[in-house]
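Colleague: I am new to this structure. Please show me how to read it, one feature at a time.

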Amino acid sequence: MMQTRMKLPVWPCHRDILNVIHENQVVIISGETGCGKSTQVPQYILDNWLINRSISLEKKKSCLNIICTQPRRISAVGVAERVAAERIEHIGDTIGYHIRLERRVSSKTRVTFWTLGILLQKLMANNTLSGVTHVIVDEVHERNADSDFLLMLLKDLISKKHTLKVILMSATIKADTFSSYFGNAPVIHIPGKTFPVQQIFLEDLFEKTEFAFTRDSRFIDKYRYKKVDEQLNKALTEENIIAVKLSYNIEEETAGDDTLSLEKLICRYPGYTKLTYKNLFVMNHEKVNFDLIEKTLEWIIYGGHNCTRWGSILVFLPGINEISAMMEQLLKNRYFSDTKQFVIVPLHSSLSNEEQNRIFMTALDICKIVLSTNLVETSITIEDCVYVIDTGMMKEVQFNPVRDMESLQICWASRTNIMQRKGRAGRVMPGMCIHLYTSHRFKNLLDEDPTPEVLRISLEQLVLRIYLMHEGKQMDLNKIFEKMIDSPTNLDITSAKQRLQNTGALDTKYILTPLGHHLAKLPVNVRIGKLILFGAIFCCLDSALTIEACLSHKTPFNVPLEKRGKIRNPKLKFSVAHSDQLTVLEAYNAWLQQRRQGTHCSLTFAAENFLSVHTLRTLADLKYQFLELLVSIGFVDIDLPPRQRGIDYILSITGPEININSKNYKLLQGLLCAALYPNIATIYQPYAQFDDLEDYLCSQRPRCQMTFVTKQDETVYIHPSSVNSNVTYFSSPYLVYHEKIKTTKVFISEISMISILSLILFSGYKLSITHDGHHNLLSLDSGWVQFPIKSHTLGLILQRLRKELTKLLEQKMQNPLLNILSHQQGKRIIDVIVQIITKE
C-alpha cells in the first residue's frame, strides 16, 4: 500500500507540505483532482507526529487531533475508509469519521473526517475547538455557504488560538482568493496527475463520430436546418471565407456559436468537414442532447480510437429528470440494453445510500455507465473511471428574496467545475474527457469559478447561527457578513431577518426570541424546527418527530428511475387528509406495523410499496436525535435509553401522555400551519361563495378549475409528486406548503390542506374584528383573508383564545421545563383548542 501512496503526485511534495505547515498557522494546498491531497495530507501530519513522538520524550506528552471536513456525507465516509484501508486499520482506530447520526471514533482516533455541518455545530458549543490541533477544510473551491462561514469563524479563532493549524485544500490552481483572505497565507501547488487525460471538444467529437442531425431531431433549430445545405455550398467557397476572415473582429469572440452566421462559424473553426459545420450551425446548444450522448457512448465502446475499451464511463447530467430520460433511452439501445455486457447506474442526491454505493462496484466483464449529477464532481472517486462525458451543465438553486422563492435552473458550469469533472478520469490509466460543447465556449463563455453559494441562497440558517453565537443580542449583521470572503447584499440579509421575524424567531427589535433560541439549536430548517416544539406542547410528539424527520431528510418513497412514468404514484395508496406530510406519516407507521411482524414482512412491504428501507431506518435515527435535543433543552422530561440504530421506539420511551394526539390528523394539519407559516396558498374555486364561516364549514359543494395563489398574488402550481396534484375538490380553501420553487413553473411542494380555524388559531397573521356595514368580519393580516362571522362575540372568543395560546407558548419557550400537562390553565387552553380543531 505504501508503494501505491508513493506513486501519487502529492508524494514528492510531502516534506515541503510538512515544513510549511510547521512554519505557518494557515496553509493553502491546491492540486488537481486525483493528486492524492485529500487522503495523504492528513496522513503526512499523523505519520510525522508518530515519528517525532517515538524519538522524543517531550513529544510523547503531546497530543494530535486532526479534523478534516468534507462537503458531503458520502465523501466523509469514503475518504475515511480509504485512509483506514491504506493504513491497514479498521475505521474507528486512528482514523474515524463523524457525520449526522453516525460517529466512528475511539480514544485512539487521531484523524476524524467530519461533514461541515457537524463541525459548525461543535463550534456553536465549543467556539475555541479545545483539544483540536489541526483543521483541514477540503474542497474549499466549491464555495458552499457552510464552508465560507466556517472560514470566517476559523479566521477569527486563529487570532485567539495560536496553536491551531488550518489547512485549506482546493482542486483549483487559483488559490489566491483564499491566500489573501488569510493574510497572504502560503500556497503549495501540487503539479500533475497520475495519468494524462485527453480532452475532446464538440467540434472534434463530430469529426470522430460522424454524428449527423436528422430533420426531425428534438435538438436542432428547425428554421436553420431548412436552408443549411444551400448556405453551406455558398459559405465554403474560398472567396467567401477570405471575405469573412477580413470582416471578423475580436468583439465577436464573446458571441455564442448559435448567434453566428454560417460563414463566421466556419471562420471560427477552420479546417473541419462540411458535416461538422452543419451540425454546429443547426444544433440547439442550450439543450442536453441525449442522442449525441448515446452516439458518443457507442463510439467509446465500438468506435475507431486507440484508447482502452476497459473501464467505467461517467456521464455528467444536470439533474434527475435528465438522468431518468437518458437512462430510459439507453435501455432501448440495442447495445446498452444487454445487461450481460452493460450496467447503467444513476447517481443523484435523492437516491438511498445503497443505490449510491452501486457506483463503486466493479466487474471485469461488464462495462459500467454512471449517469450522475455534479454530486460526483469532487471527493467521491470511482476508481475504474476511464471516460468522462460532460454536458457542461448543472442545476443551481437561486433564491429571490423579493418573491421569497427558490428557483432550480439549468445553467452552464464554470471552468473550475469542468476541470473537476475532467479529473474524474485517468485514475488507473490514461483517460478521456469528452465535452459536449465547443472549445470556444469553454475558453471564452464559461465563468472561471462558480458563484459562491452564500450569494444565491436564503440566509435564515446562517443568521440564526450568528445570533446564537452572540447569545441572541442585537447586532450589526451586515458588518458580520462583511467578514466573509464574499458578503451577501443588504437586501438578502434584511429579508432573512424579516422571514425569521415572521416565524417568531426574532422579535420586533430583531432580538432572538426564546423560540428562536431553541430553533437555532435544531439542525433543521427554521420552519420545520417549530413543528417538533409544537408537537411536544400539543401531545402529538411521535407523529411530529416523524414528519420533521421526513421534511429534514427525504421522503422514504423511492421509485427506480427505469420505472418512473410507468407506475402510479406509490404515495397515493397511503393518501390521507389531502396532506403530503400525513401521507408519508401513514406509510411510515404502516411499515412500523409490518416490522413488528418480523423483518421479512417489513422488507416485503417496503419493496411492494417502493419504500427505501435504508431511508426508513435513517428516519428512525433522526427521530431519536431530535428527541435527544428536546430532552437536552428541557422540552421533554424523560430519561433516554441508549439509541438502537435503525429502530423506532420513540412511542414507548416517551409514553402515551405526550402522544395522546398523535393520530389526530386535523390537529397535525394545524401544527403544520403553525410551523410553515407564512407559506400559505389560497385556493380559488369557481362557484364557492358563502354567507359566513359556518356556511362554508358545512358545505360539501364540489368545485373545479382551481387556481392557487400566494399572499404575493403569485399564481403557483402543485408539484406533480404531491398527492394533491390531481385533486379536483378541497373542503377548505387554504393550503400550507414547505417549499416554493421555480423550474418550468412556480411549484409548491410538500403540501397540506388546512382548515380555516387552523389558519385563525395557528398562523402568525394578526387577527382583528371589523364590520363592513353588513357583516361582522374576522380579518387576518390586514384583510388578506376575511371571514364573515355570525356575531361579534364569536370573533372575540376566537381572538381571546388566540391570545391565550400565544401567551402560553411564550411561557413554554421561556421556561422549557414548564409541564403544560400539570399546568391547570395551560392544559385547559390546549384541550379547548384540540376540541375546536377536531370537531370542525
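Modeller: Begin with the lining of the second largest cavity, which by class has 5 nonpolar, 2 polar and 2 charged residues. Ala, Val, Leu, Ile, Met, Phe, Trp, Tyr, Cys and Pro count as nonpolar, Asp, Glu, Lys and Arg as charged, and the others, Gly among them, as polar. This is a predicted model, in which local features need pLDDT of at least 70 and side-chain atom pairs count only at pLDDT 80 or more, while totals for chains, interfaces and linings use all residues. Residues are numbered from 1 along each chain as its sequence is written, and side-chain values use heavy atoms, with hydrogens and water left out.

Colleague: Which residues line the second largest cavity?

Modeller: On a 1 Å grid over the protein atoms alone, a cavity is a set of points where a 1.4 Å probe fits but cannot get out, a pocket is an open set with protein on both sides within 12 Å along at least five of seven lines, and lining residues have an atom within 4 Å of a point. Here the lining consists of Leu202, Asp257, Met283, His285, Trp412, Leu436, Tyr437, Thr438 and Arg441. The second largest cavity holds about 30 Å³ of space; a volume is the space filled by probe spheres set on the grid points, which are joined across faces, edges and corners.

Colleague: How many cavities of 30 Å³ or more does the whole structure have?

Modeller: The search finds 2. The largest has a volume of about 50 Å³ and is lined by Met283, His285, Lys287, Asn289, Thr391, Met393, Trp412 and Leu436. That lining has 4 nonpolar, 3 polar and 1 charged residues.

Colleague: What is the volume of the second largest pocket?

Modeller: About 880 Å³. It is lined by 31 residues, and those closest to its centre are Thr503, Gly504, Gly764, Thr806 and Glu810. At least two lining residues come from each of α21 (490-503), α22 (514-521), α23, α31 (756-762) and α32 (792-814). Helices (H or I, at least four residues) and strands (E, at least two) are DSSP runs, numbered from the N terminus. With 9 residues, α32 gives the largest share. The lining divides into 13 nonpolar, 11 polar and 7 charged residues.

Colleague: Now the helix pairs. How do α23 and α24 pack?

Modeller: Two packed helices are described by the angle between their axes and the distance between the axes. Axes are lines fitted to C-alpha atoms, for helices over the stretch in contact, with angles from 0 to 180 degrees between N-to-C directions. For α23 (residues 526-537) and α24 (residues 541-552) the angle is about 170° and the axes are 8 Å apart. That makes α23 roughly antiparallel to α24 (under 35 degrees is roughly parallel, over 145 roughly antiparallel, 65 to 115 roughly perpendicular and the rest oblique). Their contact, meaning heavy atoms within 4.5 Å, includes Ile528 and Leu531 of α23 and Leu541 and Ala544 of α24. By class it has 9 nonpolar, 3 polar and 1 charged residues.

Colleague: At what angle do α25 and α26 pack?

Modeller: Helix α25 (residues 580-597) and helix α26 (residues 599-608) pack at about 150°, with axes 6 Å apart. These two are therefore roughly antiparallel to each other. Among the residues that meet are Trp591 and Arg595 in α25 and Cys601 and Phe605 in α26. The contact divides into 6 nonpolar, 3 polar and 1 charged residues.

Colleague: Is the crossing of α6 and α7 left-handed or right-handed?

Modeller: It is left-handed: the near helix is turned anticlockwise from the far one by less than a right angle, where clockwise would be right-handed. The axes of α6 (residues 116-125) and α7 (residues 145-158) come within 10 Å and cross at roughly 35°.

Colleague: Which peptide bond is cis?

Modeller: Most residues other than glycine have a negative phi, and most peptide bonds are trans. The bond from Tyr677 to Pro678 is cis, with omega near 10°, and Pro678 is in the loop between α29 (665-676) and β17 (680-684). Ile88, not a glycine, has a positive phi of about 55°; this residue is in the loop between α5 (73-86) and β3 (95-99).
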